[in-house]
Amino acid sequence: NAAARNWIRRGIVAGRGYDGRLVLKGNLKDFPFRDASKGRFVVTAKAADAKVDYVAGWPTIENIDASMTFGIGMKIEADKGSILGAKLSAVTVELPDFETHEEMLLVRGVAQGPTSEFLKFIEQSPVGAKIDNFTDGMKAIGSGRLDLDLDLPLRKLTESKVRGEYRFQNNQVQPLAGLPFITQVNGRLSLTEKSVATDDMSGRLVGGPMKLRVRNEADKVAVQASGQANIAAVREHFGWPVLAQVTGNSAWKADINIRKRNADFVVESNLLGLSSSLPDPFNKTATTALPLRIERSAPDATREQFKITLGKEARAVLVQRSDDKGSYWERGVLALGEGDLHLPEKGLNVQVTLPRVDADAWKAALVMPSTAAAAAPSSNSSPGLTLGQVMIKTPSLRMFGRDFNHVDATLKPREGG
């Protein structure tokens, strides 16, 4: 019928055919011999360097060496081919019956190659739009294996069915720009015509083990992650030398929602396992819990906002802006103790409302140790905020080696720094 003929004309794009053979046996009134007892019709040929565009909108299969069989239907069996940069094996492209009213094109295959090509395959297929281009911008080092089944009704391609499974084999994956790479990634990612999902992905992130779960939920992709973090690896990646006085490992969990190429997330940890020699209120032992919560949202297309809560001791709001020159911190406010988190027009405002403040201890703590100085600044960190003002309200302040009582002061940098 017309749909099948049109697919053969359009779908087999290029290649060289040879060793063609025809078998025609039986009374032609019984053609094409659906009843094998009444005759036989089969055309066979070999193909080299063929290209099959099995359906518009999907990456083509190229460099095919295959056997082709035509009878009441069509079957292409390839032991060699490629899709993007991945090598294919055991590939079949089949139209079981040319004359059925609901022509179904069946594509089956196994691909092995770089994970980056698998991510590209998702983005260049209709699946990319269905999952809100979730994989666009991801970076991957390493390879894996894709088992893929496509059921494509030629008259109703919008009803196509996809079943795939990609197996990561000791990969490195960077989910979002600016985040550290997840190393030693192993597990399976399931793929359908409208979703991606995984329940058993594992790897290592910032020096500790982690597990990952991915699901489509309505118009967003939901990612749940958990693991252990090594604070030295966190300091090294983000370039925060103040963390040189924090040691240990701690459990964490994260919920990430990706919608319209934008990721909102919440990261939480009780910081058990971390010890800190920073001055109060951040001094703690490894057995003391100090709940940390970091929320990221996007007020508009050019800004990211981070809300940070550390127990009852500290709260902060930071705004990062991106433009054609890169990313930089635009403004922020940090409150130690009680305080109003009102964002300034620019720069960083600090509010300190504590029973006691040891400014001398903080000055010593913020002097960059030589080991941290050697590692900073990190290429992953954005330009810092300019200090706008510091408001201190405390019954007891130690500064410049002296003690001051009942302090209520606002400090601002002099012009020029």
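Predicted model: local features only at pLDDT ≥ 70, side-chain atom pairs only at ≥ 80, totals over all residues.
Start inside. Searching the whole structure turns up four cavities of 30 Å³ or more. The largest cavity has a volume of about 110 Å³. To find it, select Ile-61, Ile-83, Leu-88, Gly-109 and Leu-148, the closest to its centre among the 13 residues that line it. Now colour E5, strand E6 (104-114) and strand E7 (139-153), each of which gives two or more residues to this lining. E6 has the largest share, with five residues. By class, you're looking at 11 nonpolar, one polar and one charged.

Next, the second largest cavity, at about 100 Å³. Pick Ala-86, Ala-111, Glu-117, Phe-118 and Leu-146, which sit closest to its centre out of 13 lining residues. E6, helix H2 (115-124) and E7 each supply at least two residues here, and E6 gives the most, with four.

Beyond its neighbours within four places in sequence, Gly-85 is in contact with Pro-114 and Glu-117. Gly-85 is partly exposed, at 41% relative accessible area.

Last stop: the second largest pocket, with about 230 Å³ of space. Select Pro-126, Leu-157, Thr-158, Ser-160 and Glu-193, the nearest to its centre of 14 lining residues. Helix H3 (126-130) and strand E8 (161-174) each supply at least two of the lining residues, with H3 giving the most, three. This lining divides into eight nonpolar, two polar and four charged residues.

Terms used
Residues numbered from 1 in each chain as written. Heavy atoms only, no water. 1 Å grid on protein atoms, 1.4 Å probe; cavity = no way out; pocket = protein on both sides within 12 Å on 5 of 7 lines; lining within 4 Å. Points joined across faces, edges and corners; volume = space filled by probe spheres on them. Nonpolar A, V, L, I, M, F, W, Y, C, P; charged D, E, K, R; others polar. Buried < 20%, exposed > 50% of the residue type's maximum accessible area, 1.4 Å probe, protein only. Contact = heavy atoms within 4.5 Å.
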